[in-house]
Amino acid sequence: MATNDLCDSVKNLNVTDSSETSIKEKPKAAYDKAALKERWKILGNEPEQNILSMIRKACMNTFARNDFMKTLQTIKASFVQRDYEGIFTEATNLEVYAAAYVPGRALCYYEIFTRPQLLKFLMKRSQLYCVGSGSGSELAAIAAAMTRVPAERQKVKLVMQDIGDYESVLASFENTIREKWSITEEQLECTYEKGDTGTGRFDHIYVCHE
């Protein structure tokens, strides 16, 4: 090869850094990381305490009832006697039952719903049917868990069912949740159905997704 031809060949060479070609571009996140970081602050580093604070605010009027302790003792006595219908069909008991028993149950459900295999359902269009959920434990836990994942495609329909007249109890929880945790009706749609499904006193949760 002539000297001039060799020089021309060298000039036409494209020199690239092999280390650059080996670096793969990272896929872009399918959600707004900054928005998720801000949303994570809703419950902060002490989510359990934040959940309890929400419940306390939602049940503030119930805790202030003069007959709160008396009604709670009646409920406890009915549990001993296994008189579940006496507890859950008596309207005056329901608010007190929710205020007393929802806190512990909500924390347990929160731990369950923040597990990866269930948390993924709260990131997209899903429907949850919760049997025996009138007192609001599942509502509080699911709403809290929703604040730990991106909101972009979040569209959860929560159908709650129970034997008692829990409408006012659930309304108080829902209003407080939307106020404190900034969850919109588009992100979480709540429905309550009163009736006995014959499943006994045990709670059941069914999850469907599109």
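Mentor: Two strands count as paired if DSSP finds at least two bridges between them. Please keep in mind that the structure above is a predicted model.

Trainee: How many helices and strands does the secondary structure of the protein contain?

Mentor: The protein has 210 residues, of which 38% count as buried. Its secondary structure comes to 11 helices and four strands.

Trainee: How many bridges join strand β2 to strand β3?

Mentor: Strand β2 covers residues 155-162 and strand β3 covers residues 188-194, and the two run parallel. At least two bridges are required for pairing. Between β2 and β3, the number of bridges is seven.

Trainee: Is N50 buried or exposed?

Mentor: N50 lies in helix α4, residues 47-58. Leaving aside neighbours within four places in sequence, N50 is in contact with I42, L43, K180 and W181. Buried means under 20% relative accessible area. N50 has 19% relative accessibility, and therefore counts as buried.

Trainee: Which residues does W181 touch, not counting those up to four places away in sequence?

Mentor: W181 is one of the residues with the most contacts inside the largest nonpolar core. N50 is among the residues in contact with W181. The residues that W181 touches are I42, L43, N50, I51, M54, A140, A143, A144, T147 and T176.

Trainee: Where does G44 lie, and what separates the C-alpha atoms of G44 and T147?

Mentor: G44 lies in the loop between α3 (33-40) and α4. With a relative accessible area of 18%, G44 is buried. G44 and T147 are 103 residues apart along the chain, and the separation of their C-alpha atoms is 10.0 Å.

Trainee: What kind of aromatic pair do F79 and F88 form?

Mentor: The structure holds seven aromatic pairs. The rings of F79 and F88 lie 6.3 Å centre to centre, with 70° between the planes. Planes over 60 degrees apart count as edge-to-face. The pair of F79 and F88 is therefore, by this cut-off, edge-to-face.

Trainee: How far apart are the ring centres of F88 and Y97?

Mentor: F88 counts as buried at 14% relative accessibility, and Y97 counts as buried at 9%. The ring planes of F88 and Y97 stand at 90°, so the pair is edge-to-face, and the centres are apart by 5.0 Å.

Trainee: Which residues do ring pairs link into a cluster?

Mentor: F79, with a relative accessible area of 26%, is partly exposed, whereas F88 is buried. Both belong to the cluster that ring pairs link together, and its members are F79, Y84, F88, Y97 and Y101.

Technical notes:
Residues are numbered from 1 along each chain as its sequence is written. This is a predicted model: local features need pLDDT of at least 70, side-chain atom pairs count only at pLDDT 80 or more; totals for chains, interfaces and linings use all residues. Side-chain values use heavy atoms; hydrogens and water are left out. A nonpolar core is a set of buried Ala, Val, Leu, Ile, Met, Phe, Trp, Tyr and Cys residues joined through side-chain atoms within 4.5 Å. Buried means under 20% relative accessible area, exposed over 50%, partly exposed in between (1.4 Å probe, protein chains only). Contact means heavy atoms within 4.5 Å. Rings of Phe, Tyr and Trp (its six-membered ring) pair if their centres lie within 6.5 Å; planes under 30 degrees apart count as stacked, over 60 as edge-to-face and the rest as tilted.
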